[in-house]
Amino acid sequence: MSMIAMPIPDEGIIARKSEIVAALAAALPAEIIISDPEETRAYECDALTAYRCPPLAVVLPRTTEEVATAMRICHGLRVPVIPRGAGTSLAGGALPTADSVVIGTMRLREFLEIDTANRFIRVQTGVTNLSVSAELEAEGFFYAPDPSSQLACTIAGNIAMNSGGAHCLKYGVTINNLLGVRMVLSTGEIVELGGPLLGASGLDILALICGSEGQLAIVTEATLRILPKPEGARPILIGFDSAEIAGECVAQIIRSGVLPVAIEYMDEMCVRAVEAFAKAGYPNCAAVLIVEVEGSEAEIDDQTQRIRAIAAEFDPVEFRTSSNAAESLAIWKGRKSAFGAMGRLGDYLCLDGTVPVSMLPYTLKRIGELAKDYNLEVANVFHAGDGNMHPLILFNANRPGELERAEALGNDILRLCVDVGGCLSGEHGVGVEKRDLMATQFAPDDMAIQMEIKDAFDPEWLLNPAKVFPLDVSRPHRERGARCD
Amino acid sequence: MRLNETDVNRSQGADVLAPRDESELAAIIAESHASARPLRIVGGGTRVKMVETEHSRLLTTRQLSGIVTYEPGELTLIARAGTPVEEIEQMLAAERQTLAFEPMDHRSLLASKGTPTIGGVVSANVSGPRRVQVGACRDHLLGIRFVDGRGRIIKNGGRVMKNVTGLNLGKLLCGAYGALGVLTEVALKTLPMAESEQTLIFGGISVAEAVEIFLAGLSTPFEISGAAFHGGSAWLRIEGLSHQVEYRRERLTALFRHRTIDICKDEKSKALWRSLRDLRHFSDTTDAVWRIFVKPTDAPAVVTALQTLGGQVSLDWGGGLIWYCGIGDAVSVRKAAGSGQATLVRGGALCGDLIFAPERKGVAELSAALRRTFDPARIFNVGLMGSLDADKVY
């Protein structure tokens with residue numbers, strides 16, 4: 001029995017399944033509705049696969065208007081709605097309940113407008129993150145946020161979770177690159193926020209929507225800021241024989257005035273796993289940093305020299321630069337295959353806390369100690385430049401009690417992140433995974449106002465209701481919502 | 001905690017509430033909430049000249065002052081809302097860092113006195129020319145503490161760059177002009193100062209040519225960090241490591257080889273952009289000043305329409321921001337702005353200052369719902385920012 005509870009589904013709603021499906025079918029094309037229990041199984045979980053529950057039905061609209069129709073019907077019948085992008089959430093953001101309808105954005109796949117002169121692209125939100133940059137490739141532009149799941153994840157999910165990625169050290173996360181949205185409220189009302197302009201007067205509701213984890217609205221169209229592609233980019237690999245010293249080197253690079261696009265960190269365990277899996281030729285040492293710099297050849301050389309001078313003070317065991325595309329790929333190869341390589345070692349939980357950069361060395365040390373206490377192994381691979389850690393807790397799901405132990409360790413590590421001045425989630429979101437830890441980061445009033453905002457957007461609490469806030473904390477809001485006329 | 005008002009803009013000599021700490025502030029707000037007595041909230045009072053609301057008491061955060069922490073190695077600063085911007089800038093400069101969003105100082109434009117505070121910068125989301133490259137104030141805001149309209153002390157966000165834990169209230173309050181809560185503390189990202197900077201100056205050109213130059217420059221990978229126009233001159237700023245700036249200047253000069261280009265460097269360039277940032281070119285006029293956001297490619301047509309109303313313009317953000325200083329009335333200015341958004345920043349002969357562009361219907365309803373959520377008794381800055389009263393001013 002694992003630790004994260006979901007609310008008891010409403011038997012009354014489940015009993016009305018045929019009525020609900022009929023109402024959807026009366027207003028929407030049959031091919032976008034899935035209600036066969038065999039087929040709804042495909043939507044029973046996202047990338048937090050330890051938790052599964054098939055929904056009542058699934059709707060996969062192709063237009064904003066279809067999303068609005070589905071939402072209006074669910075609202076009228078008081079059926080909870082679980083928004084879903086590509087289902088790559090590691091936090092269980094798209095985990096259904098048995099009494100819910102999943103509304104997926106994956107068929108909203110149109111590119112609507114590319115305007116390189118005004119530097120934006122407008123898309124339907126079911127397009128994948130990577131396809132946006134691919135669409136812009138010929139124009140010499142790109143879309144900056146690059147979550148690891150970018151091949152599969154959609155812009156809708158990126159907006160819901162305010163996704164980041166390796167390169168956000170320089171370019172920011174989704175909210176810094178999102179100019180406007182078209183979205184559907186829980187009532188089915190369509191609202192547009194922002195647009196191609198660089199500023200807006202009025203409240204910044206867009207910033208509230210981005211990262212609201214599908215609890216305020218479903219975003220169906222997005223206007224994204226695009227950037228001209230850099231002339232070139234080159235990674236540098238730096239090896240250290242101490243994790244703490246690697247952490248100090250990160251802080252020194254950040255402070256120096258060189259602004260790398262990315263600083264990635266991998267610890268010894270991760271490096272070994274990667275070597276066994278991808279044979280990237282990484283040095284055998286306690287910690288590896290991959291620092292990427294951008295610009296012309298001369299600019300890259302200049303920045304590389306500066307980083308070399310900084311790193312030299314920390315006595316690296318290796319400082320490897322790349323002189324061509326193949327060498328660059330080889331340096332990135334290990335980092336990019338880290339999650340796959342770790343997967344070969346067994347099951348793992350991927351955490352996502354952020355800590356102040358100066359606290360990296362201490363946090364790494366404490367994670368090692370905690371892992372020992374729990375008798376579990378933890379590998380560390382993360383975005384070091386912004387302190388966004390991804391400890392991977394290895395466990396064996398077939399061994400009774402081990403998932404629970406891994407979750408308990410994960411909770412302790414996330415509490416540690418908060419204690420040192422950081423937060424529970426840097427880029428994956430709270431979902432169900434970190435829901436019950438919210439009280440470690442937020443006082444009751446801090447959470448109360450967030451739930452009151454949800455009351456204002458979605459008085460009935462129909463949109464993704466069992467996420468983000470601990471169930472006992474959100475219960476009064478959900479119950480009041482259920483009594484709404 | 002009551003001061004006799006001297007340096008905050010105010011027509012009458014009534015007392016000013018100036019709480020010394022967060023809990024004093026919370027008590028004042030809780031009491032105001034209970035008695036539904038409106039408050040007019042200011043930091044240093046340099047950015048918003050407002051029509052006085054009859055029953056409002058003035059509340060300033062300027063006594064909530066001081067740096068809480070500054071960690072240059074983490075690029076993070078936490079300061080109390082009333083901390084003078086100048087104090088922060090000096091402290092950062094000592095570590096060769098800066099607030100990269102380059103907040104404007106409104107004093108010369110608005111002829112306001114007083115000391116600009118960091119809380120005021122965040123409340124108004126004040127972002128200067130570098131916004132085109134690095135984003136706005138809100139993009140550099142990491143966390144806040146504030147008191148809501150019921151007197152609750154609330155924190156949101158934190159001091160780390162990446163944080164998606166819960167709803168982002170910091171960015172929502174940034175640019176909300178105190179309508180949702182009174183900021184007590186802000187955490188901001190700082191960035192290293194550029195090692196070197198140069199500005200390319202294009203003289204004797206039209207608005208249309210300037211926008212052409214902006215679009216071409218901003219489509220290069222050379223990270224143009226300023227693209228502005230006024231009085232027949234356009235400026236492109238490049239910043240970075242010394243080698244980088246030299247290289248980029250060469251490449252840009254080659255790109256614009258058919259044009260005459262002057263260069264100014266470092267201190268001269270800095271002074272130029274400070275002056276552009278603060279709209280010094282409009283400080284000796286008294287006409288109304290409008291801030292108009294447009295698509296850069298729309299800028300030439302909007303400027304032509306504005307010029308027929310009488311007055312002058314300047315451009316910033318690569319043409320995405322038009323400043324219009326002139327006698328056009330609100331209806332005509334908004335018509336000229338087309339699909340752009342016009343906000344009145346200085347009233348001139350028009351009645352009142354800081355009048356926001358009207359919101360679309362669905363958005364206006366959400367904004368009203370948020371204001372009710374944060375400030376149920378409607379005590380914060382009544383009459384400012386999209387409130388129903390705004391229409392009456394015309």
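Let me start with Glu65(A), which has a relative accessible area of 42% and is therefore partly exposed, where buried means under 20% relative accessible area, exposed over 50%, and partly exposed in between, with a 1.4 Å probe and protein chains only. Please keep in mind that this is a predicted model, in which local features need pLDDT of at least 70 and side-chain atom pairs count only at pLDDT 80 or more, while totals for chains, interfaces and linings use all residues. Residues are numbered from 1 along each chain as its sequence is written, chains are lettered from A and ligands numbered from 1 in the order in which they are written, and side-chain values use heavy atoms, with hydrogens and water left out.

What does Glu65(A) meet in a salt bridge? Its partner is the side chain of Arg182(A), at 3.2 Å from N to O, a salt bridge being a side-chain nitrogen of Lys or Arg within 4 Å of a carboxyl oxygen of Asp or Glu. Glu65(A) lies in helix α4, residues 64-76, and Arg182(A) in strand β8, residues 178-184, both of chain A, so the pair ties together parts that are 117 residues apart in sequence. Helices (H or I, at least four residues) and strands (E, at least two) are DSSP runs, numbered from the N terminus. Arg182(A), with a relative accessible area of 18%, is buried. Both residues belong to a network of salt bridges that also links Glu113(A), Arg122(A), Glu192(A), Glu221(A) and Arg360(B).

Still in chain A, the side chains of Arg62(A) and Glu66(A) form a salt bridge of 2.9 Å, N to O. Arg62(A) counts as partly exposed at 31% relative accessibility, whereas Glu66(A), at 12%, counts as buried.

Now to the interface, where 75 residues of chain B are in contact with 88 residues of chain A, contact meaning heavy atoms within 4.5 Å. One residue to look at is Asp302(A), in helix α11 of chain A, which touches Leu241(B) and His243(B), not counting residues up to four places away in sequence. At 13% relative accessibility, Asp302(A) counts as buried.
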